[in-house]
Amino acid sequence: MLFNTVQFFLFIAAVLVLFYASPRGFRKYILLVASYVFYGTWNWHFIPLLLTLTVVDYTAGRLIEKSDPRRRKLFLILSLGVNLGFLGFFKYYNFLASNVSLLAGKPSTWLALNVILPLGISFHTFQSMSYIVDVYRGEQEAILDPVDYALFICFFPQLVAGPIVRAREFFKDLLHWQPPTADDISRGIFQMTIGLAKKMAFADQFAKIANLYFGNVAAHPGGAAAWSGVFSFGMQIYFDFAGYTDMAIGMAKLLGFHFPENFRRPYLACSITDFWHRWHMSLSRWLRDYLYIPLGGNRHGRVSTYRNLMLTMLLGGLWHGASWNFVIWGGYHGALLAIERLIGRFRRQPVRWTVASWLFTFALALVGWVFFRAEDLHQSRQVLGQMFGNWHGHTLLTRWHTGLALLALAVAAIEEKFDWFEHLMTWPLAVRAVTLALIFFVIEVFGVTDVAIPFVYFQF
Amino acid sequence: MQPDSSSAFDSPAAPTGSGLRAFREAALLLILALAALLVLDGLVFRIGPYKKLLEPDSTAGQFELVLRREQEAQREYGDNLVATFGDSRMSYYPREAAKVEPQTGYYLRQAGLAGTNARVWYYMLRDLDPTASRYRAIVLAVNDFDDEDQAYQDADDLRVVHYAAAHLRLSDIPELVLSFPSWTSRWEALRSALLKGYAYQADIQEFLDNPPKRRAYVQLANGGYPHWTWDFVDSTKTLEGLAIDWSTFKVTFPPNATPDQIDTITNFLARRPAPQTGTMAAFRRHWMGKIIDRYRNSRTKVIFIRLPRGAVVRPDNLVKKQSATIRDFARLPNVLLANEHAFEELEHPELFKDGLHMNDKGNTRFSVLLSQEVARLLGPPAPNWQALPDHPRDK
């Protein structure tokens, strides 16, 4: 059930009606059942897996809290082991198996298994692990009610692609739930609509070009085609993921929950460091708190800082998918972050926003997307070869695609400078209604409805 | 903070007055936004200028061009006009039909469009002949007077919302939507009929790609369309050499058959029978019935003709047809059925360019036969009729 389908809107409407029409005591059960139904519509076979992880981590949380320090560590390791074990098996087994097979001189499929990746496993295992680590660190009390914990893991707005919500944020809303205010509801409606527009009118339009290009790179030779194909993917992945996140945050608001911001106009960043402060912020925060800082962060000298940065980004890359392309993508960003940090040591002031720094950062991000989108390393090399070695060919972007990108840029720039969304929320109802109608109109005229293009991050 | 064993959901309900106000405001916001969207869509696509900018080669653009051309023809041709409707197989040449006009007294005008069916013809006729009095006859071309369900159902053909997009009224929506058998199609139809931007999406995107080019082409098409269609000459390709073994559906294709010929022969002519569900009969009863109803108390006759069935004729015994809606219509006072065998002489491979359509030679002969058959059915023209020998279209 994709977020941009009629079925989903009927589902969310039914959930909202049931949720608010029910006595308070039933509401979390309604959310829990709705979340399992939502997950089950994808593949109900994986519900037992979700339940297993829920039971394991709920129990581990309770045991960690009650136990002495030595046993606490044991339960922590056991819980993390189970989470990483499931994640490792479902997501990385075939990747490891193919590499071992190749090293052994066998065909890559020698040890392969027909493993189906459970939807959202990367997200909900990270969320589980953060809870367990927080309980172990004493930053979060163990949750007593298993229903509360189950809801934390499977809450449908963010179950399959985040944002990765921290336990304390989620339980603050759940345990002290208050009905959404008029402002929450208005924001929720706007965020859902803006998310839908990002997905249908922007991401899916650019996805058509990106798919055309990456589906057959050889058929579109030349630098212009390559840059336009990669640019299209850059647009697709941002609007797709940010659109999903906006919808998730909006839906949560309608249900009285407050998710953290996940994107803050990343393509307006003036450095890669700035980019990562704006892109998939909930993952960046997770990686910082549960990987980079535990590795030592920047506390043990320059070399160790660069190593930790690189390791964090390499693992962050691998989190996205089991392939060398993602490892390289992570390493590429790790290297850029390290270089910026190194250069920063010689600068007195932080990087200032200029058109040049913005364009340069955007171009660097686009180069990284080549590894993210390409089928394999061979295709990555092929695309990069075209981008930097061949200035001929024709762009795949039509004029109106360029217009769409410029429109997005203008909206983002105005938001960056004037925070128009916050102003809009204070305007009279009629003005907000007309603005909402304009967003609906953009979906009506540009929204892709002839093909169903899945959300990119659903595969992770 | 030690978490409570129960969440806030378990605590007594908080006062809900402010909550209700919040939801009322949200409902009002959504209602106003949807109303504003309808107004915006209406301003741009219903009463706005966009209709005049439609891509002339698109379904909606073709509909507009034919409608305009035939509205002008009504002014030019006088009292004995006959409008013909059909899909791409109704491909006679009006210029050839006009040559017979001195003998028959009737002008045949082509108001059909490729890929259309009775649902589109109804909406076309409604705007083409709002008083149901402008034509001596309406000719509806069908492939069979009996009802045969095929794998592809006219009832589920969503192209109507594209063809007739500019002419669908809000009051049409319930009937149009419910006339589609599947819920998916109903949803598509509802969305496109309510918000025309959906129906025009591809057109708008293409327009935005190069607005000056579109404007120039629209201007060109508006000026030249009547002449282009009048002077149109079809392909001279034939299907000579085509044979079909109907017991096995094995096709012997003509030597050097093109992919298009192979495709149309395989998918349309040599198609295997589909289960007979009565869907076609229901569709015809509804939409052809509506056309007939429009002319119930009018001087205009509704004539059904059976088109030439193909380069090779499918045997009748392939399908046991369960109904014959059009034969049933013939009992009504203003409905006439053409001689079912009137065009059988055209059912030869040398007169067809592919598995569906006649070629230049076939169309030329069909034009004359059609005019003669319509004239035979209608009898002598109106007493006040006068030939228009110097009409520019006749040259």
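Modeller: Gladly! Domain bounds come from an automatic or database domain assignment. This is a predicted model, where local features need pLDDT of at least 70 and side-chain atom pairs count only at pLDDT 80 or more, while totals for chains, interfaces and linings use all residues. Residues are numbered from 1 along each chain as its sequence is written, chains are lettered from A, and side-chain values use heavy atoms, without hydrogens and water.

Biologist: Which domains does chain A have, and how far apart do their C-alpha centres lie?

Modeller: Chain A is assigned domain 1 (6–177) and domain 2 (183–270 + 352–459). Their C-alpha centres lie 28 Å apart. Contact means heavy atoms within 4.5 Å; here 27 residues of domain 1 and 21 residues of domain 2 take part.

Biologist: How do I read the area buried between domain 1 and domain 2?

Modeller: Buried area is the accessible area (1.4 Å probe) that two parts lose on being put together, summed over both. Between these domains of chain A the value is about 2,000 Å², with 76% from carbon and sulfur atoms. On the domain 1 side, A:Pro157, A:Pro163 and A:Asp173 supply 25% of the area buried against domain 2, more than any other three residues.

Biologist: How many salt bridges are there between the two domains?

Modeller: A salt bridge puts a side-chain nitrogen of Lys or Arg within 4 Å of a carboxyl oxygen of Asp or Glu. Between domain 1 and domain 2 of chain A, the count is zero.
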